[in-house]
Amino acid sequence: EAEIQARPTTELTLSLGLGYTDSEYKDVPVGLPYRNGNQLPLSPEWTVNAAAEYVVPLDTMGDLSLRGEWIYTGDQFFQATNFPAERQGGYSLFNFRVTWSNADDTVSVAGYVQNAFDE
């Protein structure tokens, strides 16, 4: 796994994450319904995420934070047998969030949309 975060300005934060998993069955005894080399269930080889957050200062009214996220999950199987019908292809999710915080940061109100494009 690798993660990086950058703050090009005091208002803008960018982040990026990358994950790689090499999961497979090895030394499987004969007679089991799965075999050597099969991918472990629910273990995508690749995952990627990226986010951008921008904070708009509102002077005495507090701050308004706008955040967008992209999350990618690679191909995965639901069972150890790795039958094609049990495979889900890679997919992307997009999430959005708006948060208002008061000036002394004691109160915040947020609204968000997860899986904005119904993937």
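Strands here are DSSP runs of E with at least two residues, helices are runs of H or I with at least four residues, and both are numbered from the N terminus. The structure is a predicted model, in which local features need pLDDT of at least 70 and side-chain atom pairs count only at pLDDT 80 or more, while totals for chains, interfaces and linings use all residues. Residues are numbered from 1 along each chain as its sequence is written, and side-chain values use heavy atoms, with hydrogens and water left out.

Strand β1 (residues 2–6) is hardly covered, since the count of buried residues among its five residues is zero. A residue is called buried under 20% relative accessible area, exposed over 50%, and partly exposed in between, with a 1.4 Å probe and protein chains only. In a regular strand, side chains alternate between the two faces of the sheet.

The structure holds three salt bridges, a salt bridge being a side-chain nitrogen of Lys or Arg within 4 Å of a carboxyl oxygen of Asp or Glu. One of them joins the side chains of R67 and E53, at 3.3 Å from N to O. R67 lies in strand β4 and E53 in strand β3 (residues 46–57), so this pair ties together parts that are 14 residues apart in sequence. R67 is partly exposed at 27% relative accessibility, and E53 is partly exposed at 25%. R67 also forms a salt bridge with E69, where the closest N and O atoms are 3.1 Å apart. E69 is partly exposed, with 25% relative accessibility. In another salt bridge, the side chains of D75 and R87 meet at 2.6 Å, N to O. D75 lies in the loop between β4 and β5 and R87 in strand β6, so the pair ties together parts that are twelve residues apart in sequence. D75 counts as partly exposed at 34% relative accessibility, and R87 is partly exposed at 40%. Salt bridges that share partners join E53, R67 and E69 into one network.

E53 also takes part in a polar contact of 2.5 Å between its side chain and that of S65. A polar contact is a pair of N or O atoms within 3.5 Å; within protein, one atom must be able to donate a hydrogen and the other to accept it, and residues adjacent in sequence count only if both atoms are side-chain atoms. S65 is found in strand β4 (residues 63–73) and counts as buried, at 12% relative accessibility. Leaving aside residues up to four places away in sequence, S65 touches E53, Y54, V55, R97, V98 and T99, contact meaning heavy atoms within 4.5 Å.

On the surface, F94, F96, V113 and F117 form a nonpolar patch with about 380 Å² of accessible area together. Such patches are made of residues with over 30% relative accessible area and no salt bridge, like charges being joined within 9 Å and nonpolar side chains (Val, Leu, Ile, Met, Phe, Trp, Tyr) within 5 Å. Accessible areas come from the Shrake-Rupley method with a 1.4 Å probe, and for residues only the protein chains shown count as cover. V113, a member of the patch, lies in strand β8 (residues 108–113) and is partly exposed, with a relative accessible area of 43%.

Backbone angles were also examined. Most residues other than glycine have a negative phi, and most peptide bonds are trans. D27, which is not a glycine, has a positive phi of about 55 degrees. D27 lies in the loop between β2 and β3 and is exposed, with a relative accessible area of 73%. N82 likewise has a positive phi, near 60 degrees, in a residue other than glycine. N82 lies in the loop between β5 and β6 and is buried, at 14% relative accessible area. F83 is placed in the loop between β5 (76–77) and β6 (87–88) and is partly exposed, with a relative accessible area of 47%. The C-alpha atoms of F83 and Y34 are separated by 9.4 Å, although these residues are 49 residues apart along the chain.
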